[in-house]
Amino acid sequence: MILIALGANMPSHHGAPPETLAAAVNALACQNIHIVKASRIWLTAPVPTSDQPWYHNQVVQVETGQAPFALLETLQRIENDFGRAKTVRNAPRVLDLDLIAYHDEILDGPELIVPHPLLRQRAFVLLPLREIAPDWIHPVTRQPLSALIAALPDGQEAKPLTN
């Protein structure tokens, strides 16, 4: 199972964050990345806590023939096309695309770590993920998604925007 997390808290040339996420899903499909399932969009507080706007987050399960590094390059190219400018860590952004998992592969390199190293601490990834893959098992820790959610740090506010 290949999983990609999407997030935005600033408007892009596609509109407000919900429209940006919809356009990003379309951009993925235009790159021969087939969307298998998509979670609802979630409104989530910034992590770490800050005064920046809340994020809109979503997780999609995809199928693609692209290898992990090629997929990472595609995600970064889409971010750039949407106007993402990487400045400081945890800065507001028009679009963030993270490769969360690539089947059960474990990669730990300077350019790509899969599964994503922070996903276990992020409600904005785990709660949308539960909607599309409730039985997902973390490839490194072998913990089920339900245990990861139960162990989330306190204070991460997240609510789905739609039913």
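Buried residues make up 47% of the 163 residues in the protein chain of this predicted model. The chain has four helices and eight strands. Read from the N terminus, its elements follow the order β-α-β-β-β-α-β-β-β-α-α-β. The radius of gyration is 15 Å, close to the 15 Å given by the globule rule for 163 residues, so the chain is as compact as a globular protein of that length. Along the principal axes, the C-alpha atoms fill a box of roughly 40 × 35 × 35 Å. Of the contacts with a separation of 6 or more, 66% join residues 24 or more positions apart.

In soluble globular proteins, nonpolar side chains tend to be buried together. The largest nonpolar core in this model has 27 residues, and those with the most contacts inside it are Ile 4, Leu 6, Leu 95 and Leu 99. At least two residues of this core come from each of strand S1 (2–8), helix H1 (17–29), S4, helix H2 (68–81) and strand S5 (96–102). Helix H1 supplies the largest share of this core, six residues. A second, separate core has 19 residues, among them Leu 3, Ala 101, Leu 127 and Ile 149.

Leaving out residues up to four places away in sequence, Ile 4 touches Leu 28, Gln 58, Val 59, Val 60, Val 62, Leu 75, Asp 98, Leu 99 and Ile 100.

The 13 residues of H1 should span 18 Å at 1.5 Å a residue, and the C-alpha atoms at its ends are 18 Å apart, which agrees. The buried residues of H1 are Pro 17, Thr 20, Leu 21, Ala 23, Ala 24, Val 25, Ala 27 and Leu 28. They pack against S1, strand S2 (34–38), S4 and H2.

Helix H3 (residues 123–132) has seven buried residues out of ten, so it is largely enclosed by the rest of the structure. The buried positions in H3 are Ala 123, Val 125, Leu 126, Leu 127, Pro 128, Leu 129 and Ile 132.

**Charged pairs**

Side chains of opposite charge can pair when their charged atoms come close. How many salt bridges does a search of the whole structure find? The search finds two, and they are listed below.

| Salt bridge | N to O distance |
|---|---|
| Arg 40 and Glu 131 | 2.6 Å |
| Arg 93 and Asp 96 | 3.2 Å |

Arg 40 lies in the loop between S2 and strand S3 (42–44), while Glu 131 belongs to helix H3, so this pair ties together parts that are 91 residues apart in sequence. Arg 40 is partly exposed, with a relative accessible area of 26%. Glu 131 is also partly exposed, at 29%. In the other pair, Asp 96 counts as buried at 15% relative accessibility, and Arg 93 counts as buried at 15%.

Where does Asn 57 lie? Asn 57 is in strand S4, which covers residues 55–63. Asn 57 is buried, because its relative accessible area of 5% falls under the 20% cut-off. Its side chain makes a polar contact with the side chain of Thr 44 at 2.5 Å. The side chain of Asn 57 also reaches the backbone oxygen of Leu 6 at 3.5 Å. Apart from neighbours within four places in sequence, Asn 57 is in contact with Leu 6, Gly 7, Leu 21, Arg 40, Ile 41, Trp 42, Thr 44 and Phe 124.

Is Gln 61 buried or exposed? Gln 61 is buried, with a relative accessible area of 12%. Gln 61 and Met 1 are 60 residues apart in sequence, yet their C-alpha atoms are 6.8 Å apart in space. Not counting residues up to four places away in sequence, Gln 61 touches Met 1, Ile 2, Leu 3, His 34, Ile 35, Val 36, Lys 37 and Ile 132. Among these, Leu 3 is included in the second core, and Ile 132 is one of the buried residues of H3.

How values were computed:
Residues numbered from 1 in each chain as written. Predicted model: local features only at pLDDT ≥ 70, side-chain atom pairs only at ≥ 80, totals over all residues. Heavy atoms only, no water. Buried < 20%, exposed > 50% of the residue type's maximum accessible area, 1.4 Å probe, protein only. Polar contact = N/O pair within 3.5 Å; in protein donor to acceptor, adjacent residues only side chain to side chain. Contact = heavy atoms within 4.5 Å. Core = buried A, V, L, I, M, F, W, Y, C linked by side-chain atoms within 4.5 Å. Expected span 1.5 Å × (residues − 1). Salt bridge = Lys/Arg side-chain N within 4 Å of Asp/Glu carboxyl O. Rg over C-alpha atoms; globule rule 2.2 N^0.38 Å.
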